Amino acid sequence: MIPAHNEEALIGSTLTALRAAIDTVGEPYEIIVVDDDSTDRTAAVAAAHGARVVHVTLRQIAAVRNAGAAAAAGGVLIFVDADTIVPAATVGDVMKATAAGAVAGGASSRLDPHAPFWAKAGWLPFQFAAPTLRLPGGAFMFVTRAAFDAVGGFDERYFAGEEIYLARALKKVGPFRMVRPAVITSGRKFRLLGFGGTLRIWLTLARHGMVALKDRKHLGFWYDKHRD
């Protein structure tokens with residue numbers, strides 16, 4: 001399931017890679033794109049790549065992810081960001097993990113080759129800490145339908161960081177596994193904001209603490225118009 005708002009520039013590549021990755025597993029599947037009030041050709045591009053498009057007007061990522069889950073019929077839900085490339089081996093590891101009893105998990109992510117050097121350097125601690133701490137980023141996460149329903153899905157009080165709270169809840173339900181290799185996510189926000197703009201946003205988050213995740217006005221990194 002892919003949440004998307006004005007993602008026409010990148011969602012085609014995401015869908016092409018995702019379909020190729022899932023095809024290697026040899027299991028039936030569907031790809032759902034939840035088009036959240038886009039004003040560009042996101043929905044048309046998604047449909048052209050064979051995705052089922054669900055239209056919503058929410059502008060709240062947890063609610064959008066929940067809408068996608070509600071539309072899905074599968075027993076395993078995989079959440080992928082619209083600007084993220086998923087390797088085939090990562091999907092294969094998901095299937096192995098769920099077959100072995102994992103109820104949920106995720107993968108670490110690395111920035112695309114075009115991300116600024118300073119962004120890649122700042123990203124490294126998150127990339128390498130994720131497997132150790134078992135903290136998936138929102139770019140890639142999987143969960144069985146039963147476990148997702150058991151915890152009530154994503155907490156819609158949060159406009160960002162929703163995957164962290166879901167992961168905490170899921171770890172109480174059953175085994176939580178991090179899979180490999182890492183997915184590749186776009187560095188476009190860093191490129192467009194620049195070092196100064198990125199620093200200002202993260203300092204604002206540090207100043208307000210976790211409560212900032214409940215207020216979209218502090219979350220321009222995710223909700224402002226950062227599109228290539």
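Biologist: How do you know that strand 1 and strand 2 (residues 32–36) are joined?

Modeller: Between strand 1 and strand 2, which run parallel, there are 3 bridges. Two strands pair if DSSP finds at least two bridges between them, so strand 1 and strand 2 count as a pair. Ala4 has Asp35, in strand 2, as its bridge partner. This is a predicted model, in which local features need pLDDT of at least 70 and side-chain atom pairs count only at pLDDT 80 or more, while totals for chains, interfaces and linings use all residues. Residues are numbered from 1 along each chain as its sequence is written, and side-chain values use heavy atoms, with hydrogens and water left out.

Biologist: What makes strand 1 (2–4) and strand 3 (52–56) edge strands?

Modeller: The open sheet has 3 strands in the order 1-2-3, with parallel pairing. Strand 1 and strand 3 each pair on one side only. Neighbouring strands of this sheet are turned by 25° against each other on average, direction ignored. Strands are DSSP runs of E with at least two residues, and helices are runs of H or I with at least four, numbered from the N terminus.

Biologist: How do you know that helix 1 (residues 11–23) packs on the sheet?

Modeller: Helix 1 touches strand 1 and strand 2, where contact means heavy atoms within 4.5 Å. The direction of helix 1 makes about 175° with that of strand 1; axes are lines fitted to C-alpha atoms, for helices over the stretch in contact, and angles run from 0 to 180 degrees between N-to-C directions. Helix 3 (residues 61–71) lies across strand 1, strand 2 and strand 3, at about 140° to strand 2.

Biologist: Why are helix 5 and helix 8 described by a word for their relative direction, and which word is it?

Modeller: Helix 5 (residues 117–133) and helix 8 pack at an angle of about 75°, with their axes 10 Å apart. Angles under 35 degrees count as roughly parallel, over 145 as roughly antiparallel, 65 to 115 as roughly perpendicular and the rest as oblique; helix 5 and helix 8 are therefore roughly perpendicular to each other. At their contact, Trp118, Ala119 and Trp123 in helix 5 meet Phe190, Gly194, Phe195 and Thr198 in helix 8.

Biologist: What makes the meeting of Asp81 and Arg65 a salt bridge?

Modeller: Their side chains meet at 3.2 Å, N to O. A salt bridge is a side-chain nitrogen of Lys or Arg within 4 Å of a carboxyl oxygen of Asp or Glu, so Asp81 and Arg65 qualify. The pair links distant parts of the chain, 16 residues apart: Asp81 lies in the loop between strand 4 (76–80) and strand 5, and Arg65 lies in helix 3. The whole structure has 9 salt bridges.
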